[in-house]
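Look at the sequence and the model below before reading on.

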Amino acid sequence: MNDDQKHKIELKNKFKHDFKKMQEFVNEFDPCGLICGGAPEDEYDCLTTQLLSSIYNRKTKIEITELILHEIEFHFGLPDLETLDEPYKTNFYNNLGVFIDKLKQHFEKEMA
């Protein structure tokens, strides 16, 4: 096996590892309450893939927030989060901020 093939295998294995970790984080955050409602662990995989790509491409917290909010509304079909009543709205946005900070801290440390 040449160096190029070894490198491709290493990258593929890194992606699998990172994807699994991202999936754990997303399912723990469970932005739409689907996992706690009994959905399979791959329910958010479309979001997981986009978030991992965003982290790899060093997107900002604001860009990642916009991605998540867009997916919640347009992919999962939940209503505009701005219409949530308090304290649910504030709690959701606080939890979202903590979630994104956690992602960035974990993956940026690994990418350093």
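**Helix packing, core and loops**

The crossing of H1 and H4 is right-handed; a crossing is called right-handed if the near helix is turned clockwise from the far one by less than a right angle, and left-handed if anticlockwise. The model is predicted: local features need pLDDT of at least 70 and side-chain atom pairs count only at pLDDT 80 or more, while totals for chains, interfaces and linings use all residues. Residues are numbered from 1 along each chain as its sequence is written, and side-chain values use heavy atoms, with hydrogens and water left out.

Two packed helices are described by the angle between their axes and the distance between the axes. The axes of H1 and H4 cross at roughly 165 degrees and come within 11 Å. Axes here are lines fitted to C-alpha atoms, for helices over the stretch in contact, and angles run from 0 to 180 degrees between N-to-C directions. H1 is therefore roughly antiparallel to H4; angles under 35 degrees count as roughly parallel, over 145 as roughly antiparallel, 65 to 115 as roughly perpendicular and the rest as oblique. Among the residues that meet are Met22 and Phe25 in H1, and Phe99 and Leu103 in H4; contact means heavy atoms within 4.5 Å. The residues of this contact divide into nine nonpolar, three polar and six charged. Here Ala, Val, Leu, Ile, Met, Phe, Trp, Tyr, Cys and Pro count as nonpolar, Asp, Glu, Lys and Arg as charged, and the others, Gly among them, as polar.

How do H1 and H2 pack? Their angle is about 120 degrees, with the axes 9 Å apart, so H1 is oblique to H2. The crossing of H1 and H2 is right-handed. The contact includes Phe19 and Met22 of H1 and Leu51 and Ile55 of H2.

In soluble globular proteins, nonpolar side chains tend to be buried together. The largest nonpolar core in this model has 23 residues, and those with the most contacts inside it are Met22, Leu51, Ile68, Phe99 and Leu103. Such a core is a set of buried Ala, Val, Leu, Ile, Met, Phe, Trp, Tyr and Cys residues joined through side-chain atoms within 4.5 Å. Helices H1 (3–29), H2 (45–56), H3 (61–75) and H4 (88–111) each give two or more residues to the core, and H4 supplies the largest share, six residues. Leaving aside residues up to four places away in sequence, Leu103 touches Met22, Phe25, Leu51, Ile55 and Glu108.

The protein chain as a whole has four helices and zero strands. Of its 112 residues, 31% are buried, where buried means under 20% relative accessible area, exposed over 50% and partly exposed in between (1.4 Å probe, protein chains only).

The loops remain. Most residues other than glycine have a negative phi, and most peptide bonds are trans. Asp30, in the loop between H1 and H2, has a positive phi of about 45 degrees and is buried, with a relative accessible area of 11%. Arg58, in the loop between H2 and H3, has a positive phi of about 55 degrees, but Arg58 counts as exposed at 53% relative accessibility. A cis peptide bond, with omega about 0 degrees, joins Glu86 and Pro87, and Pro87 is found in the loop between H3 and H4.
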